[in-house]
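Please look over the sequence and model shown below before reading on.

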Amino acid sequence: MPSKGAQTGLRDDGDTAVLPGTAGEKAGAGNAGGRSRRFGRRNSTGNSHAGITPYLLILPALLAIVAFIVYPSIDEILSSFQRLNAFELIGHVTHWVGFDNYQSVLSNGYFWEVFGRTVWFTAVNVVLIMVGGTLIGLLMNRLGTKVRFVLSIAMVFAWAVPVAASTTVFQWLFDEQTGVVDWLFAQCGFHGMAHYDWMSNEYTAFAVVIMCIVWQSIPFVAFNVYAGLTTISSELYEAARLDGAGPVRIFRSVIFPMLRPLFFGTIFLEIIWVFGALNQVLLITGGNPVGKTATLPVYSYLQGIGQQAYGMGAAIAVITIVMLCLMMSFYFRIILKQEDEL
């Protein structure tokens, strides 16, 4: 039976029919429109939740960054403008001195001596790490599966050892009385090295520290290089060999151009890692002999914790970060230029 208010007409068989454009059709259209509007609201709500979800997922990481990086950095910067020693620290007394700490640090000749030492120390370590890691990565690419697996496990163990444990091992190896290294030198005929004190000379002390850092860092570079080598097609190697290229030419003309962004990114990370190395130098040498092995992080630690001049130590730390950023800005320009060329 037609709905109330609907216009009807007679069909040829005598029955009634609802005419087009009547209230029944409008009601149906209204219901359809209502359903579509309801569906539209549900979809828009779902899309809004989908837009918030990524931010909720990264929220814990952002909170951790703020708690463990941003807040300590701000506190360190504020401390660098204060005269802060043990008495003021315990009594929560604040003495603002402005830029006096920075002026004292920058006018000290020993600071610039330490800065130059830190730069060459970083350069030597990064060169050795990159060369050693690249050679091992190339070796891994040529080895069989089983041998490569054993080598990978050995490097993972070297990489996973905590810094304090690895530095303790190197202290034992180069100990003056019971060190294995001195014993091996003596067994090989170098009897003057039987009880040699490696920490008595700044160059031999730095040599021990460099060996420790290189040993810890090479696995990271080796794995990166090997992972990059797996992305290079074997056809490129075959084409280079057909042209008469040897191993050195293949690396220079095929591997390095293909992995240039990887090499630059790895160098960037290693510079940051070595420039800020504190535990290795502090635990092995303590900055001795007579402060000749102190780098900028060690110098900041000795001033702040050792002499309880926390404001001065904070100023040295801030200057170290600023100098590192200035040096890395030139490196960033090289990376951006290489990316534009690619």
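In this predicted model, the side chains of R83 and E88 form a salt bridge, with N and O 3.6 Å apart. A search of the whole structure gives three salt bridges.

**The R83 and E88 pair**
- R83 has a relative accessibility of 46%, so R83 counts as partly exposed.
- E88 is buried, because its relative accessible area is 5% and the cut-off for buried is under 20%.

**The salt bridges of E113**
- E113 and R117 form a salt bridge in which the closest N and O atoms are 2.9 Å apart.
- Both E113 and R117 belong to helix 4, which covers residues 109–142. They are four residues apart there, or about one turn of the helix.
- An α-helix has 3.6 residues a turn, so residues three or four places apart point the same way.
- The relative accessibility of R117 is 6%, so R117 counts as buried.
- E113, at 37% relative accessibility, counts as partly exposed.
- E113 also meets K292 in a salt bridge between their side chains, at 3.9 Å from N to O.
- K292 sits in the loop between helix 12 (279–284) and helix 13 (296–306), while E113 is in helix 4, so this pair ties together parts that are 179 residues apart in sequence.
- With a relative accessible area of 34%, K292 is partly exposed.
- A network of salt bridges links E113, R117 and K292.

**Helix 8**
- Helix 8 runs over residues 202–229, which makes 28 residues.
- How far apart are the end C-alpha atoms of helix 8, and what span should its residues give? The end C-alpha atoms are 39 Å apart, and at 1.5 Å a residue the helix should span 40 Å, so the two values agree.
- At the start of helix 8, a side-chain oxygen of N201 comes to within 2.8 Å of the backbone nitrogen of Y203.
- At S217, helix 8 bends by about 35 degrees.

Methods: Residues are numbered from 1 along each chain as its sequence is written. This is a predicted model: local features need pLDDT of at least 70, side-chain atom pairs count only at pLDDT 80 or more; totals for chains, interfaces and linings use all residues. Side-chain values use heavy atoms; hydrogens and water are left out. Helices (H or I, at least four residues) and strands (E, at least two) are DSSP runs, numbered from the N terminus. The expected span of a helix is 1.5 Å times one less than its number of residues. The bend at a residue is the angle between axes fitted to the seven residues ending there and the seven starting there. A polar contact is a pair of N or O atoms within 3.5 Å; within protein, one must be able to donate a hydrogen and the other to accept it, and residues adjacent in sequence count only if both atoms are side-chain atoms. A salt bridge is a side-chain nitrogen of Lys or Arg within 4 Å of a carboxyl oxygen of Asp or Glu. Buried means under 20% relative accessible area, exposed over 50%, partly exposed in between (1.4 Å probe, protein chains only).
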